Structure formats: C-alpha cells, structure tokens
Amino acid sequence: MKSILVTGGTGFIGSHTCLVLLEKGYNIFILDSFINSSSQSIEKIILILNEIDKDINRKIHLIKGDIKNQSDIENVFHISNKLNKKIEAVIHFAGLKSVSDSVLNPITYWENNVSGTINLCKVMEKYKCKNILFSSSATVYKSESNKLLSEDNICEPYNPYGYTKFTVERILSDISNRELSEWRIVCLRYFNPVGAHKSGYIGENPLGKANNIYPQLTRVAIGKQSKIYIFGSDWPTYDGTGVRDYIHVMDLAEGHLSAMNYLLKEKPQFKAINLGTGIGTSVLEFIRTFEKVNNVEIPFSFRDRRKGDKAFLVADNSLAKSLLNWTPKRNIEDICRDGWNWQKNNPYGF
Ligand code: UD1
C-alpha cells in the first residue's frame, strides 16, 4: 500500500485526515513539532481503528521534527526509504494558523509557513517525490459581496497569515509551471473547518485562548467561558451577523482523500480547489442551532465588528464536486452535535 507523509498530522485537520487515510489502508509518516498539538491524537486514532485492524500501529510512523529544519524533513524520507516504504505524496498541513498572532509576529509566520514549505519542496525534489496536497485557505480571497466564491475569484489576502498561504500557492504554481515539471500539486482552500469525529475521541484542541467562533461555542456550553461576543449586528446579511461556510472536519478529511486519489492518477499539474459546503450560516443561526441540537444555553451579546472581518464568505464548491467526485455529507446540526460530544468527553482537551 502507498505511503504518505503528513506534515502537521497530529493537529485538528491533520489528525482527522490521518484517520481517513489509515481507514483506506495507507501507511502514514507524520512529521510534527507538537508546538500546537499533541501526539495523543494519534493514540486516540489507534483506539478508534484497533477495532478494525489490530496491527494499525504498523502503518503509523510518528516522527518529531520541525519543517523549519531541512534535516528533520530529510530524516523522515530517510526512514521511509530504510523501511522500504517510499513516500509517494505529501499532505502538507504543518504551519501556524492564527490571524491575530500573524499580525503580531509576521516574521515567525513567514518563517514557518513559507520557509518551512520551501524546505519541504527541496527535500521532496531530492527524494523524487513530486506529489503534494497543500493546506490552503479561503482567506486568500478578496470578498466584498454576498456572492459564492469560486477559484477564479480575485485573491487579495488582508493579513500576514493569508499572505503566507497565498505565497505558498504562488511558489507551488511556479514549481509546476517549469518546463517538463513532473509535479502534481493541489492546493485545497478550506472555508471554516469545525466539528469533530463522531466517536468524541479526536477534535479541535486549541492551546491557549480560542479566537474562532466554534471552540468558543463549546467552551461556553461546558462553562469554561461565560458568553460569546458577536462581532457586529449590522453586516449586510440576512440577520446582520457574519455569514460563513462551516464545513465538518470529517467532510474536509474525506476531501483530502478524494484529492489524493485525483492527484495520483492525473497528469502533472497545479490546481487550487475550494473545500466548502456552499451553504452559509450566520453567527446567530449557528448559536441557535447549537443550543437546539445540544439542549444547552449559549449566552451572547453584541460588540463592534472585528477588524479585518468580512460579511459573507461561502464557497462555490462545484469544482471539488466535479473534479474530485466529492460532496460534503454532514450538515450544521452534525457539526454542533459532534463538536459538543468531543468537548464533553474531553473537557480539558488532550
Ligand atoms: C478565521 C480566520 C481565517 C481562518 C479561519 C479558520 C480571521 C479574520 N480569519 O476565519 O483566516 O482561515 O478562521 O481558522 O480570523 N465571531 C464572533 N465572535 C467571536 C469570534 C467570531 O462573532 O468571538 C464571528 C466572526 O465575526 C465571523 C464568524 O464568527 O463572522 C466566524 O469567525 P471565525 O470563527 O473567527 O472564523 P473567520 O474569521 O471566518
């Protein structure tokens, strides 16, 4: 069976994707620095999968290392070759992801997200592994209307984090554009990934303060936070609060599997593809749904708009549907139920 290197594989989206890859029989090599995640996510994956495969451990190679160090990346390729499990493709999640942090620490963000990816590409080229799925974001888009965002929309990031994602896409596209390039590259532009695996064993585990809406919903529900502040009640949307495309992390993980199948069978190329549901949900609607589905109360009050926020960010996902043969299967109720289940089972995270 094929071997895949998953950088950042113990994080939120990485761990759910590893689970799906393992279910399909792939061998996985995970390179992770654990600066914002825990190896416990992999222990939990083993617990989930042991029921179907008692030897699942043999398919998982977890290696501590940082993409900022080229030698750490080389080490993984070296190990895989020694084990006779040549890495066929890379899913590249490793990176920093807080917008507010990126404004405070731009150098750290450029170093991790951009220099780290350049290191990875150099090593991949050296080991003749030229297939990569890159974890990009809808944050690359310019959005000023209530139109669905398709891949040909203008890109114009508005914070350092977004710029690092956009820059990596650009570097990968340059690599692909060379004459006789053998690289197969897919950049997956995520909308708002939320929820958790339905087992309640793995989920989002933010270290420190959560800025995004979803972890705050579950924190309020469990009593770790007193209420939610809604940023703005006067957006040009149907109820005045911001509208986003919340996608269940398991749908996203399955999107990676579909993209991997696509990547490995197609000719060398570069593609950017949205992973979203195409359905918008407002902050108020999200809170109300969470309350109803889980029978909990979420106190909230309104605050001014957050700097840099947009009214409406929703995917046109037709390219993913047609090219990858992928369709999201879970709705906003599933998101609310599964994320709450994870939080209840893990009140202190991992
Ligand atoms: C944020 C990032 C984006 C990243 C995405 C996924 C920003 C500006 N953008 O998107 O780059 O890809 O997370 O991690 O941070 N909201 C509140 N109160 C809160 C928090 C959020 O009302 O305490 C509202 C926001 O105004 C927005 C919606 O909830 O309308 C979603 O916000 P959030 O979860 O932070 O995600 P995004 O800002 O869409």
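Is Asn325 buried or exposed? In this predicted model, Asn325 is exposed, with a relative accessible area of 69%. The residue lies in the loop between helix 10 (318-324) and helix 11 (332-345). Its phi is positive, about 55°, although Asn325 is not a glycine. Most residues other than glycine have a negative phi.

Asn295 gives a second case of a positive phi in a residue other than glycine, with a value near 55°. Asn295 sits in the loop between helix 9 (283-294) and strand 13 (300-303). Its relative accessible area is 71%, so Asn295 is exposed, the cut-off being over 50%.

Along the principal axes, the C-alpha atoms fill a box of roughly 55 × 45 × 40 Å. Buried residues make up 57% of the 350 residues. Contacts across the sequence are also described. Of the contacts with a separation of 6 or more, 81% join residues 24 or more positions apart.

The surface and the charges were also computed. The chain exposes about 15700 Å². Carbon and sulfur atoms supply 49% of that area. The chain carries 44 positive and 37 negative charges.

Helix 1 covers residues 12-23 and has 12 residues. From its first C-alpha to its last, helix 1 reaches 17 Å, close to the 16 Å expected at 1.5 Å a residue. Of its 12 residues, 11 are buried, so helix 1 is largely enclosed by the rest of the structure. The buried set runs through Phe12, Ile13, Gly14, Ser15, His16, Thr17, Cys18, Leu19, Val20, Leu21 and Leu22. Gly25 follows helix 1 and has a positive phi, near 95°.

Helix 5 spans residues 106-126. Its 21 residues should span 30 Å at 1.5 Å a residue, and its end C-alpha atoms are 29 Å apart, which agrees. Buried residues in helix 5 include Tyr109, Asn112, Asn113, Val114, Gly116 and Thr117. Asn119, Leu120, Cys121, Val123 and Met124 of helix 5 are buried too. The buried residues of helix 5 pack against both strands and helices. The strands are strand 1 (3-7), strand 4 (87-92) and strand 5 (131-137). The helices are helix 3 (70-82), helix 4 (99-104) and helix 6 (160-177). Lys128 follows helix 5, and its phi is positive, near 55°.

Ser33 belongs to the loop between strand 2 (27-32) and helix 2 (40-49). Its relative accessibility is 22%, so Ser33 counts as partly exposed. Leaving aside neighbours within four places in sequence, Ser33 is in contact with Lys64, Gly65 and Asp66. Ala315 is 282 residues away from Ser33 along the chain. The C-alpha atoms of Ser33 and Ala315 are separated by 31 Å.

Key
Residues are numbered from 1 along each chain as its sequence is written. This is a predicted model: local features need pLDDT of at least 70, side-chain atom pairs count only at pLDDT 80 or more; totals for chains, interfaces and linings use all residues. Side-chain values use heavy atoms; hydrogens and water are left out. Helices (H or I, at least four residues) and strands (E, at least two) are DSSP runs, numbered from the N terminus. The expected span of a helix is 1.5 Å times one less than its number of residues. Buried means under 20% relative accessible area, exposed over 50%, partly exposed in between (1.4 Å probe, protein chains only). Contact means heavy atoms within 4.5 Å. Accessible areas come from the Shrake-Rupley method with a 1.4 Å probe; for residues, only the protein chains shown count as cover. Lys and Arg count as positive and Asp and Glu as negative; His and the chain ends are not counted. The place of a charge is taken as NZ of Lys, CZ of Arg, CG of Asp or CD of Glu.
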